[in-house]
Amino acid sequence: MPIIEVSNLAKHYRVYQKRAGWMSSLTGLFHREYKQVRAVRDVSFQIERGEMVAFLGPNGAGKTTTLKLLSGLIHPTSGTATVLGYVPWHRENAYRKRFSLVMGQKNQLWWDLPAQESFILHREIYAIEPTQFQRRLDELTDLLEVRKLVGQPVRELSLGERMRMELIAALLHSPEVLLLDEPTIGLDVVSQRKVQGFLRHYQVEQQMTVLLTSHYMKDVEALCRRAIIINEGEIKHDGPLAEIIDRFSSVKQIELQFAGSEVPDDIERYGRVVERVPPRVKLEVPRHEIPRVLAALLDRYTIEDVGVQERPLEEVIAELFARKPDAREGEDA
Amino acid sequence: MLSMPPSLRVKWCIFRTSIAERLAYRADFAFATLIRFLPIVTQVFLWGAIYQASGPRDERVINSYTYGDMVAYSLLVMVGRAFSSMPGLTTGIARDIRDGTIKKFLTQPVDMLDYLFWHRVAHKLVYYVIAFVPFALVFWLCGDYFRGFPSAGTLFAFGISLVLAFLVGFLIESLMGLVAFWFLEVSSLVFVYMLISYFLSGHMLPLDWLPPSLGYWIQLLPFKYLAFTPAAVLLEKYSHQQLVIELVMGCVWVAVLYLLNRLALSRGLMRYSAYGG
């Protein structure tokens with residue numbers, strides 16, 4: 001039985017449209033124009049227990065709105081959803097004790113106090129048995145390498161350290177479902193890797209169901225096998241992450257290193273040049289022509305090294321997102 | 001603490017954590033506490049000047065208040081306001097709604113109003129502890145303006161009126177904060193509230209100075225519990241029967257405001273859009 005079941009979920013907002021200038025501000029006092037923004041349109045999907053699913057899409061695609069619906073922050077315009085058998089927007093305490101929402105841009109720890117004060121408050125709010133709490137806190141602070149920082153005021157922590165504390169606060173009560181919205185936003189590479197490594201390990205160990213939104217494809221590739229792509233409020237893809245490239249990219253890349261110090265001048269006839277750093281070149285070639293092009297290149301030139309690879313996932317997804325305008329534009333007035 | 005019921009333990013923990021938070025910025029807090037005594041000094045001088053101009057020394061009584069009564073009233077209003085004013089509560093709720101910080105109350109098994117209430121109780125308690133010495137000093141210096149030490153019954157009623165002042169003040173300001181679910185920005189509302197409550201609470205003038213036709217209606221509102229009622233109780237302005245009615249009416253207002261808060265929260269959450277990412 002799926003842990004998360006979403007069926008025809010839709011969320012529409014009414015947004016005030018203000019033109020530039022003071023006259024517009026003045027007339028806005030008496031008459032305002034609104035437009036209807038369809039942030040999420042008839043979205044349906046199911047997630048099984050223990051799955052870690054990436055929820056991808058450009059800004060304004062409806063990812064965060066969907067997470068807000070699943071965490072019960074907002075009510076839908078239409079459609080249904082259940083998480084662990086609960087309707088999220090009924091906000092039952094029994095549900096709230098079994099899931100967590102972490103938003104990379106939102107802080108839920110007490111800013112002026114050490115994180116341990118917030119953790120103790122969580123212990124009481126979630127009624128965690130004290131020995132279990134201490135065991136879990138020790139485990140999480142060790143895994144995230146912040147044990148020595150729990151006594152330091154949150155305001156004095158770096159962004160990466162703060163994010164790790166946020167994760168601890170979110171996981172202390174052992175949620176069965178974790179909704180992660182951009183957990184590595186703004187973090188440096190080291191912190192990103194620490195968070196990724198932790199999430200991978202902890203999710204497998206705890207068999208948590210995780211729905212993750214992130215603009216960092218490194219997060220997604222490191223953590224998820226399945227991806228749901230949402231754009232303009234609609235689901236464009238729901239399946240294995242690996243299928244995205246097959247489905248949305250019709251080209252592969254051939255990377256060549258020529259003998260000598262130059263790249264032949266007529267190399268463009270074999271494919272689109274993506275990168276040229278003599279004596280190396282990277283070509284983009286339609287999938288079905290790879291064998292023919294490769295044979296022709298090897299036949300004609302002296303090549304020292306060759307490699308054929310898929311396009312980076314990030315590029316494919318960026319191209320996919322760029323195909324249509326921003327979801328918040330062009331809506332009904 | 002381990003023997004407490006879980007709901008009480010949560011309240012206690014919020015309370016304890018809020019105290020720790022309040023003491024995080026010691027210098028700012030101490031300065032803010034002391035600076036709140038400045039207005040009372042100006043009020044004492046202002047009323048002194050008004051009474052001096054009101055006639056010969058022996059006839060200096062305005063609406064049955066002597067100068068001494070007026071100073072005592074002003075001091076007690078200050079005490080009432082120390083209980084009923086909630087700096088930052090309305091704007092804090094509005095800010096949380098506007099920038100999405102409110103999510104922590106909606107995704108965790110905790111009641112937002114309960115949380116804010118115990119948070120405020122803790123802040124007030126720290127304030128009273130720190131301000132006790134300056135308060136005691138001011139009352140000792142102005143002791144001659146009071147007509148003897150109040151009876152135990154009056155002190156008890158005064159204590160209840162201060163609790164009512166706190167509850168009414170908290171519930172009015174939290175209700176205004178919840179208005180942000182509809183209007184997002186409530187700073188103008190806060191400004192208007194400050195203006196009218198200064199007058200309607202009896203902070204500016206004792207409410208029994210108002211013409212009966214106006215005073216009757218104003219006394220039906222909850223604002224008098226913010227300042228006037230505690231002062232009037234300790235100055236024994238009420239008969240025994242009036243006192244009971246005033247305190248019961250105060251409880252009724254607390255119940256009404258509480259229900260309005262619950263209604264505003266539940267309706268507001270229905271239309272909440274979780275702004276701010």
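Me: How many residues does helix α4 of chain B have, and how far does the helix reach?
Reply: Helix α4 of chain B, residues 67-84, has 18 residues and reaches 25 Å from its first C-alpha to its last. That is close to the 26 Å expected at 1.5 Å a residue. The expected span of a helix is 1.5 Å times one less than its number of residues. Helices here are DSSP runs of H or I with at least four residues, strands are runs of E with at least two, and both are numbered from the N terminus.

Me: Before I go on, what kind of model is this?
Reply: This is a predicted model, where local features need pLDDT of at least 70, side-chain atom pairs count only at pLDDT 80 or more, and totals for chains, interfaces and linings use all residues. Residues are numbered from 1 along each chain as its sequence is written, while chains are lettered from A and ligands numbered from 1 in the order in which they are written.

Me: Thanks! Back to α4(B): why is it described as largely enclosed?
Reply: Because 16 of the 18 residues of α4(B) are buried, the helix is largely enclosed by the rest of the structure. A residue is buried if 20 or more other C-beta atoms lie within 10 Å of its own, exposed if 12 or fewer, and partly exposed in between, with C-beta atoms placed from the backbone.

Me: What does Y145(B) touch?
Reply: Leaving aside neighbours within four places in sequence, Y145(B) is in contact with G68(B), V71(B) and A72(B). Two residues are in contact if their C-beta atoms, placed from the backbone, lie within 7 Å. Y145(B) lies in the loop between α7 (112-141) and α8 (152-178) of chain B. Y145(B) has 18 other C-beta atoms within 10 Å, so this residue is partly exposed.

Me: And how far is Y145(B) from S7(B)?
Reply: They are 45 Å apart in space, C-alpha to C-alpha, and 138 residues apart in sequence.

Me: Zooming out, what is chain B made of?
Reply: Chain B has 13 helices and 2 strands. Buried residues make up 34% of its 277 residues. The C-alpha trace of chain B spans about 65 × 40 × 35 Å along its principal axes.

Me: How many residues does each chain bring to the contact between A and B?
Reply: The contact takes 23 residues from chain B and 27 residues from chain A. On the side of chain B that touches chain A, the elements giving two or more residues are α1 (6-22) and α6 (103-107) of chain B. α1(B) gives the most, with 8 residues. The residues on that side of chain B divide into 12 nonpolar, 7 polar and 4 charged. Ala, Val, Leu, Ile, Met, Phe, Trp, Tyr, Cys and Pro count as nonpolar, Asp, Glu, Lys and Arg as charged, and the others, Gly among them, as polar.

Me: New topic: how is chain A divided?
Reply: Chain A is divided into domain 1 (4-246) and domain 2 (250-310), with bounds that come from an automatic or database domain assignment. The centres of the two domains, taken over C-alpha atoms, are separated by 42 Å.

Me: Which strand pairs with β13(A), and how?
Reply: Strand β10 (residues 251-258) of chain A is joined to β13(A) by 7 bridges, and the strands run antiparallel. Two strands pair if DSSP finds at least two bridges between them. One bridge pairs F258(A) with I303(A) in β13(A). Strand β13 of chain A, residues 303-310, is hardly covered, as the count of buried residues among its 8 residues is 0.

Me: Where is the cis peptide bond in chain A?
Reply: A cis peptide bond joins P278(A) and P279(A), with omega about 5°. P279(A) is in the loop between β11 (272-277) and β12 (280-286) of chain A.

Me: Last one: what is the phi of Q207(A), and is the residue buried or exposed?
Reply: Q207(A) has a positive phi of about 55° although it is not a glycine. With 10 other C-beta atoms within 10 Å, Q207(A) is exposed. Q207(A) lies in the loop between α7 and β7 (209-213) of chain A.
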